[in-house]
Amino acid sequence: QVQLVESGGGLVQPGGSLRLSCAASGFTFKNYAMSWYRQAPGKERELVARITSGGSTTNYAASVKGRFTISRDNIKNTVYLQMNSLKPEDTAVYYCYTRFPSGNYWGQGTQVTVSS
């Protein structure tokens, strides 16, 4: 079955960095765009970044542009989110996501906390 498993979250100080990973299985990973979303308590889930199937095009939320980088390895079936210059407002659960005609799929999320 389709599975998306996030890892790499944790506690980091403002200005610090983290790299999130999402390991995908159960589908032909290289054929699909992948996204990262995040959700803070009491707020709606928001799109953070998206990458096309071949990795040639990326899109970012304005709030993270210039600080975050999405990338993928189609051999390892993994998508990454490199997060630099982290701010307290980046604190959220981060989710890996993909969509294809038969359905939408989400990982379980990984917690990122940015605090002194």
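Strands β9 and β10 (residues 103–106) run antiparallel and are joined by four bridges; strands are DSSP runs of E with at least two residues, numbered from the N terminus, and two strands pair if DSSP finds at least two bridges between them. This is a predicted model, in which local features need pLDDT of at least 70 and side-chain atom pairs count only at pLDDT 80 or more, while totals for chains, interfaces and linings use all residues. Residues are numbered from 1 along each chain as its sequence is written, and side-chain values use heavy atoms, with hydrogens and water left out. The briefing covers the β9–β10 hairpin, a salt-bridge network of R38, E46, R67 and D90, and positive phi values at N77 and S85.

**The β9–β10 hairpin**

- Two residues lie between β9 and β10, and the two strands form a hairpin.
- F100 has G103, in β10, as its bridge partner.

**The salt-bridge network**

- The count of salt bridges comes to three, a salt bridge being a side-chain nitrogen of Lys or Arg within 4 Å of a carboxyl oxygen of Asp or Glu.
- Salt bridges link R38, E46, R67 and D90 in a network.
- R38 pairs with E46 in a salt bridge whose closest N and O atoms are 2.8 Å apart.
- The relative accessible area of R38 is 6%, so R38 is buried, whereas E46 is partly exposed at 33% relative accessibility; buried means under 20% relative accessible area, exposed over 50%, and partly exposed in between (1.4 Å probe, protein chains only).
- R38 also forms a salt bridge with D90, with 2.9 Å between the closest N and O atoms.
- Because R38 lies in strand β4 (residues 34–39) and D90 in the loop between β8 (78–83) and β9 (92–100), this pair ties together parts that are 52 residues apart in sequence.
- D90 forms a salt bridge with R67 as well, and here the closest N and O atoms are 2.7 Å apart.
- The R67–D90 pair links distant parts of the chain, 23 residues apart: R67 is in the loop between β6 (58–60) and β7 (68–73), and D90 is in the loop between β8 and β9.
- D90 has a relative accessibility of 0% and therefore counts as buried.

**The surroundings of R67**

- R67 is buried, with a relative accessible area of 10%.
- The side chains of R67 and D90 make a polar contact at 2.7 Å. A polar contact is a pair of N or O atoms within 3.5 Å; within protein, one must be able to donate a hydrogen and the other to accept it, and residues adjacent in sequence count only if both atoms are side-chain atoms.
- Not counting residues up to four places away in sequence, R67 touches Q82, M83, N84, S85, L86, K87 and D90, where contact means heavy atoms within 4.5 Å.

**Positive phi values in loops**

- Most residues other than glycine have a negative phi.
- N77, a residue other than glycine, has a positive phi near 55°.
- The loop between β7 and β8 holds N77, and N77 is partly exposed, with a relative accessible area of 25%.
- S85 is not a glycine either, and its phi is positive at about 50°.
- S85 is placed in the loop between β8 and β9 and counts as partly exposed at 39% relative accessibility.
- S85 is also among the residues that R67 touches.
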